[in-house]
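Colleague: I want to learn how to read charged features in a model. Let us take a case.

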Amino acid sequence: MPTTTLPQRYFVSPEVFAEEEGAIFERQWVCVGHQSQLAQSGDYFTAEVAGESVLLVRDQAGAIGAFYNVCRHRGTRLCEAAAGHSAAIQCPYHAWTYALDGRLVGAPHMDAVEGFRKADYSLGLVRLGIWEGFLFVNLTEEAASLEEMFTSLAGKFTHWNLPNMRSGRRVEYDVRANWKLIFENYSECYHCPGVHPMLSRVSPYDSAENDLTAGPFLGGFMKISRGASLTMSGRACALPVGEISAEEHARVFYYSIFPNMLLSLHPDYVMVHQLWPRAPDRTRIFCDWFFHPDAFARDDFHPEDAVEFWDVTNKQDWHVCELSQLGIASRAYRPGPYSPRESIPAAWDREYLRHVG
């Protein structure tokens, strides 16, 4: 019996969407950013994970922490900005003040309250893990550690210099399609000749070779047949990202990391998508282009060459995902068979179903 696409309810049902939030985004390690976003002590940013606002901050000792963005006094949201820099975290309501490591250090007039101890009211901790410089959080205490979850990837990407990379550009997309359609689209190039003529000219759609074919980590590489990289000019737009082999200079690696990260490794830059479901038919996507830190000061650094290439390609993908969403919502939709070139989307579906049933 052929492997088929998922039934309609998985793409349109509010009940399934709610189940995904509880079974996946509350329980799995989800990518929220990169440590370069917290370059200095006092830098912070917030992320919304399964309806919770999570505050990530680098403290005075240089350590990164993750906390619920909730004051321990009367529950007020602490940080409203998406990102910023501060010497301390102060509640805008009654000025309870927290050190960057989450300790309560100031609570006006509370010294008159019998038995009150600041040490009892530190910010609520969120589990944090760091893999190759990328920051992951988990809202549960039951899940295995990030190190355990990522054991199969140990050392696989070390030579790409990912922890030291810096984002040269972020583009935010609002896509009117279910988040799973975006994962499935990313995981195959069966659609590339018709949807991506520019990409297909420089990276043949039938050149894919996959080395991760089951579980939460999926993908492999495709060849660069023309030029030095996937850019508008065809030239490298920055320094090589790391100590990669000559063979890898002619390849682009595409990996999906369940449940919300897409990792694309090019010779001269790394592109990362974070997927954030907002409704059964809507997904918010953050797309970052990362470069070697030494590239930024050089005259031959042209990040827009890469950004424009993938912005065009991304928008082509988002458009067909939106068309898929519209068609799947029709009463005429029935699951269709996957082709042999769609083995990775089929594997992604199996991993997804393992979590939601």
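Colleague: Which residues form the negative surface patch?

Modeller: Patches take residues with over 30% relative accessible area and no salt bridge, like charges being joined within 9 Å. Asp and Glu count as negative. Here E21, E26, E48 and E52 form the negative patch. E52 lies in strand β3 (residues 52-58).

Colleague: What model is this, and how is it numbered?

Modeller: This is a predicted model: local features need pLDDT of at least 70, side-chain atom pairs count only at pLDDT 80 or more, and totals for chains, interfaces and linings use all residues. Residues are numbered from 1 along each chain as its sequence is written, and side-chain values use heavy atoms, leaving out hydrogens and water.

Colleague: How many salt bridges does the structure hold?

Modeller: Side chains of opposite charge can pair when their charged atoms come close. The cut-off is a side-chain nitrogen of Lys or Arg within 4 Å of a carboxyl oxygen of Asp or Glu. The structure holds twelve. One of them joins K180 and E20 at 2.6 Å, N to O. K180 is in helix α4 (residues 179-186) and E20 in helix α2 (residues 14-25), 160 residues apart. Both K180 and E20 are buried.

Colleague: Which residue forms a salt bridge with E351?

Modeller: R354, with the closest N and O atoms 2.9 Å apart. Both E351 and R354 lie in helix α8 (residues 343-356), three residues apart, about one turn. E351 is buried because its relative accessibility is 6%. R354 is exposed at 58%.

Notes
Patch = residues over 30% accessible without salt bridge, like charges linked within 9 Å, V, L, I, M, F, W, Y side chains within 5 Å. Areas by Shrake-Rupley, 256 points an atom, 1.4 Å probe, with all protein chains shown as cover. Charge placed at Lys NZ, Arg CZ, Asp CG, Glu CD. Helix = DSSP H or I, 4+ residues; strand = E, 2+ residues; numbered from the N terminus. Buried < 20%, exposed > 50% of the residue type's maximum accessible area, 1.4 Å probe, protein only.
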